[in-house]
Amino acid sequence: MRRLLVAMAATALTLGVTGVPAQAAPAPGGPGLGDTYFPDYGNSGYDVGHYDIRLRYTPSTDKLTGTTTILATATQDLSRFNLDFVLDVSSIYVNNRPATFAREGDHELVVTPARTIADGGAMTVVVQYSGVPSTKVAAGFTAWTRTPDGALAIGEPEIAWWWFPSNDHPTDKATFDVSVSVPTGVEAISNGTMPRPPVQETLGYTRWSWRSLKPQATYLTFLTVGQYDITQDTTANGQTVYNAYSQLLSPEWRDGAQASVERTAEITDWESTLFGPWPFEARGGVVMPPGTVSFALETQTRPNFGASFFRRGANTSVVVHENAHQWFGDSVSVADWQHIWLNEGFASYAEWLWSEKNDEGTAQEIFDYLYATYPDDASIWTTAPADPGVAELFGDAVYDRGAMTLHQLRVAVGDDAFFEILRTWTAEHRYGNGTTAEFTALAEKISGQDLAALFQAWLYTPAKPVLASAAGKAKKATPATPKSWAEISQTHALLHEH
C-alpha cells in the first residue's frame, strides 16, 4: 500500500511538473456584480443572450402569472447561480431538468441545477411564477405601479424584479420577446416591434407580442398595461413608430402630449446628425395616465412619459432628452451606476443643443445662466458628477453640471472635435457599456489635448469650478434667462423624481 501511495504521489508530481492543470471544482456564481453603488445587483457566473417572457395579467386583481425562458452561457464551471426576482416561483428547469431553488435576501433567487454547467456551456432556464407585484417590497419599496386601468413596470435602476427573473445589471444586455395576455379592450405595450398583431384568446383575453432585436438592459425593458390609443407611422428610412396615449388624459393634456411625442421621428432624425445613426429597430413614446408616474424614462426604443410633462402644453425638451438617451444610456450603457452622468449629462446637453437649434437660447447662454444663478453651496457644486453617491444619483450635479462639463469640453476642443468625440463614443461602445475614464481618454485622444485639469474641476471636485475667463474680473450681472429655460427646468424637476 505504501508503495502504491508513493507511486501515486510521484505520478502527481510528474503531472504537476509537466504543466497539466488540476480540474477546478464547479463553484457558485456570485450574488452580485460588485457595482459601486449597488453591489448585489446582477449576478456573476453566466451571461444572458435572450429573455422570452410570456405573461398573463389581470388589472382588476393585479395578478400576474408568467413563464420566463432565459437563454444564457456559463462564464465559469457553475454549480449554482442567482437570479434577481421577487414574485412567487412554482418551478425552475435548467437544461430540461428540475432545479432546486431558495430565497436569499430581499431579491435574490438561488438556483441549483440538477447537473453542473461547464464554463462556456449553454443554459436554458425556465422559471414559472405568479404573484401580485404591487404587494412585493424589495430595497425598501415596490417599483410596480398600479393605475386605474392597469399597471406600469417602469423604473430605474430597479424594475425587472417585479415582473421577470433576470441578471439585473446594465452590463448584461440581451434581446427580448415579451408576450402579454390582458383582458380584451386593454392594451399591453413594451419595447421594439410587434412581430404579429394582437391575437384574440379564449375567455375574453387578447395577447400582445413585442420583440427587441438589439441588446437591451433589463431596467430599460418595460411593460405598460391599460387603455391606450396607439398611433403608428413610419420614419423616412422605413422604421416603425409606435406612440401610445392613455385614454385617461384630459383633452388639453392629450393635445400637448401629441404635439410633442408625435414629433419623435423628426427629433430623432435631428439627433442622428449629431450622435450617429439611430441605434435601434423602432421608435416612439408612451404617455402614461395622470396621477401615476410623474417622471419619464428612456425605455429602449419607446420612452415612457409622465402626463405632468404636458400639463402646460407641448414639451419637446423631454422628448429630446429621453431620445438622446437611446444613444447615451441605452445603446451605450453605464458599466457601473457611479457613471450615471454619462447618461444624464449627455441627455441634458441634447436639450441645450435643441434650444440652440430653435433660437431659444444658445448652449453658452444656458451655461452662463446656470453658472451665475446656482448658489455656491448648492448640491450641483458640492457633489462630484463622476461620483455623486446614491442619494444624488438623479441630482442637479448629474444632470446640469454634467451638461456644463460637456459644454466646457466643447469650448476647449471646438465643435468639430467635440461632435467627433460624441459620434466616436456612440460608435465604439455601441450596444455595450462605458466608464468616465474611457470617455475622458477618448476626448483627449481625439482632441490631442491634455484635458485632465478640465475634467478634474468639472467631474471630480466637489466645489464650484473657477472659469478662466472670469479670473480677476469684476462680477458680472446675472445673465438674462434663456427662453428655453422654463421648459428645461420644468422637465428636470420632474426627471429628478425617478
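## Basis

The model is predicted: local features need pLDDT of at least 70, side-chain atom pairs count only at pLDDT 80 or more, and totals for chains, interfaces and linings use all residues. Residues are numbered from 1 along each chain as its sequence is written, and side-chain values use heavy atoms, with hydrogens and water left out.

Helices (H or I, at least four residues) and strands (E, at least two) are DSSP runs, numbered from the N terminus.

## The four-stranded sheet

Strands of a sheet pair through backbone hydrogen bonds, either parallel or antiparallel. Here the sheet is open, and its four strands follow the order β10-β11-β16-β13. The pairing is antiparallel. Two strands count as paired if DSSP finds at least two bridges between them. β10 (144-147) and β13 (187-189) are the edge strands, each pairing on one side only. From one strand to the next, the twist averages 15°.

## Strand β16

β16 spans residues 223-226 and runs antiparallel to β13, joined to that strand by three bridges. I189 has T224 as its bridge partner. E187 is partnered by G226. β11 (residues 150-153) also pairs with β16 in the antiparallel sense, over three bridges. There, A151 has V225 as its bridge partner.

## Annotated domain

An unreviewed UniProt entry places the feature "domain: Aminopeptidase N-like N-terminal" at residues 50-220. Such annotations may be inferred rather than shown by experiment. Over residues 50-220 the chain is 0% helix and 54% strand. The end C-alpha atoms are 14 Å apart.

## Helices α8 and α9

The axes of α8 (residues 396-413) and α9 (residues 415-428) come within 6 Å and cross at roughly 130°. Axes are lines fitted to C-alpha atoms, for helices over the stretch in contact, and angles run from 0 to 180 degrees between N-to-C directions. That makes α8 oblique to α9 (under 35 degrees is roughly parallel, over 145 roughly antiparallel, 65 to 115 roughly perpendicular, the rest oblique).

In α8, the contact (heavy atoms within 4.5 Å) is made by L406, L409, R410 and V413. In α9, D415, A417, F418, F419 and I421 take part. These residues divide into seven nonpolar, no polar and two charged. Nonpolar covers Ala, Val, Leu, Ile, Met, Phe, Trp, Tyr, Cys and Pro; charged covers Asp, Glu, Lys and Arg; the others, Gly among them, are polar.
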